[in-house]
Amino acid sequence: MKIIDAHMHLSHIEEFKRTAAEKSFVHYSVAGLLQEYAENGVVLGIGMGLTETQPDGFPDVEADTPMGLDLTDELPPQFVYCLGINPFKLDEAAVARLEADLQKPNVVGLKIYLGYYPFYAYDSVYDPVYALAAKYQMPVVFHTGDTYSERGLLKYSHPLTLDEVAVKHRDVNFMMAHFGDPWVLDGAEVVYKNRNMFADLSGLMVGDAANCKRLADSPLFFSHLRHAITYCDHYDKFLFGTDWPLAPVKSYIQFVQELIPVEYHEDVFYKTALKVFPKIKPLIE
């Protein structure tokens with residue numbers, strides 16, 4: 001089975017480096033990720049653009065829009081990415097840069113960091129982003145749920161806040177990163193209700209293979225997640241993602257394989273990504 005990783009990172013973010021060194025024990029580099037992909041049948045990784053202007057600065061109000069993958073100067077063909085948005089740096093010049101970068105062959109979407117930046121998804125500051133998404137038929141990915149920084153504000157990242165955007169912008173596809181965890185039942189309702197809302201299953205656990213197995217084997221740790229996935233009952237609207245470097249690729253594949261009934265694996269691990277990110281199709285088929 002071919003696999004698309006719909007959510008990963010390759011940026012000079014200190015917290016990612018620390019997580020790789022102390023928790024997941026992955027080799028946080030282009031070479032490290034390519035090796036994990038090759039060993040596990042991953043044919044493409046979709047990176048989430050993110051930068052910080054000083055160590056441990058994210059969420060960084062000084063980072064320029066668009067944010068990219070700055071761990072490398074040149075991306076291999078196995079990687080594409082979504083342009084990261086800093087709402088504090090979203091003036092006319094930034095919107096023009098966004099539109100120019102959307103023309104790049106390896107740019108496949110836009111990423112909004114709810115919770116990290118103190119704006120709701122429906123705030124008018126993001127209207128130019130949704131207009132570009134509609135014009136170029138690009139998906140918009142939202143961070144939702146828990147933030148990987150205590151400086152985040154959770155009220156902005158609740159998945160229910162995406163419902164208004166999905167209703168207002170029916171001509172745009174949206175992806176709810178992390179399925180809104182821990183508010184996954186609310187996230188499931190938003191995905192179930194809106195034909196243009198999808199969800200990735202990335203970032204639901206952090207650590208090395210042993211810790212991933214410990215969490216996956218817990219009778220209660222993921223009961224809320226299993227409940228929400230079953231309630232949503234739209235397996236064709238979920239996407240596999242690792243949130244690498246938060247966990248090793250192999251361990252995360254095994255985790256999602258256990259969450260999703262086998263008859264839907266091809267959708268979750270491959271086909272739905274082609275639907276949400278149409279620009280990637282000619283790159284891998």
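Begin by selecting Asp-243, which is placed in the loop between S8 and H9. The model on display is a predicted one. The phi of Asp-243 is near 60 degrees, a positive value in a residue other than glycine. Asp-243 has a relative accessible area of 7% and is therefore buried, since the limit for that class is under 20%.

With a relative accessible area of 6%, His-178 is buried. For context, most residues other than glycine have a negative phi, and most peptide bonds are trans.

**Two cis peptide bonds**

Remain in the loop between S6 and helix H6 (184-193) and select Pro-182. The peptide bond joining Asp-181 and Pro-182 is cis, with omega at about 15 degrees. Another cis bond joins Thr-65 and Pro-66, where omega is about 0 degrees. To find Pro-66, look in the loop between strand S2 (42-48) and strand S3 (79-85).

What is in contact with Arg-97, leaving aside its neighbours within four places in sequence? The residues are Thr-65 and Pro-66. Arg-97 itself belongs to helix H3, residues 92-101. Its relative accessibility is 36%, so Arg-97 counts as partly exposed. Now draw a distance from the C-alpha atom of Arg-97 to that of His-12: the two residues are 85 apart along the chain, and the separation is 21 Å.

**Aromatic pairs**

Now display the aromatic side chains; the whole structure holds 23 aromatic pairs. Select Tyr-130 and Phe-174, whose rings form an edge-to-face pair, 5.9 Å from centre to centre and with 85 degrees between the planes. This pair links distant parts of the chain, as Tyr-130 is in helix H4 (residues 127-136) and Phe-174 is in strand S6 (residues 174-177), 44 residues apart. Both Tyr-130 and Phe-174 are buried.

Compare Tyr-235 and Tyr-264. Their ring centres lie 4.4 Å apart and their planes are at 15 degrees, so this pair is stacked; planes under 30 degrees apart are counted in that class. Tyr-235 is in the loop between helix H8 (223-232) and strand S8 (238-239), while Tyr-264 is in the loop between helix H9 (249-259) and helix H10 (265-276). The two tyrosines are 29 residues apart, and they too link distant parts of the chain.

For a group of rings, select Phe-58, Phe-88, Tyr-113, Tyr-116, Tyr-117, Phe-119 and Tyr-126, which form one aromatic cluster. Then select Phe-198 together with Lys-237: the charged end of Lys-237 sits over the ring of Phe-198, 5.4 Å from its centre.

**Helices H8 and H9**

Two packed helices are described by the angle between their axes and the distance between the axes. Show H8 and H9, whose axes come within 11 Å and cross at roughly 55 degrees. H8 is therefore oblique to H9. On the H8 side, the contact is made by Leu-225, Arg-226 and Ile-229; on the H9 side, by Phe-255, Glu-258 and Leu-259.

**The annotated span**

Finally, select residues 76-278, which an unreviewed UniProt entry annotates as "domain: Amidohydrolase-related". This span is 38% helix and 13% strand, and its end C-alpha atoms lie 19 Å apart.

Terms used:
Residues are numbered from 1 along each chain as its sequence is written. This is a predicted model: local features need pLDDT of at least 70, side-chain atom pairs count only at pLDDT 80 or more; totals for chains, interfaces and linings use all residues. Side-chain values use heavy atoms; hydrogens and water are left out. UniProt positions are given in the numbering used here, feature names are shortened, and annotations may be inferred rather than shown by experiment. Helices (H or I, at least four residues) and strands (E, at least two) are DSSP runs, numbered from the N terminus. Rings of Phe, Tyr and Trp (its six-membered ring) pair if their centres lie within 6.5 Å; planes under 30 degrees apart count as stacked, over 60 as edge-to-face and the rest as tilted. Buried means under 20% relative accessible area, exposed over 50%, partly exposed in between (1.4 Å probe, protein chains only). A charge sits over a ring if NZ of Lys or CZ of Arg is within 6 Å of the ring centre and within 35 degrees of the ring normal. Axes are lines fitted to C-alpha atoms, for helices over the stretch in contact, and angles run from 0 to 180 degrees between N-to-C directions. Angles under 35 degrees count as roughly parallel, over 145 as roughly antiparallel, 65 to 115 as roughly perpendicular and the rest as oblique. Contact means heavy atoms within 4.5 Å.
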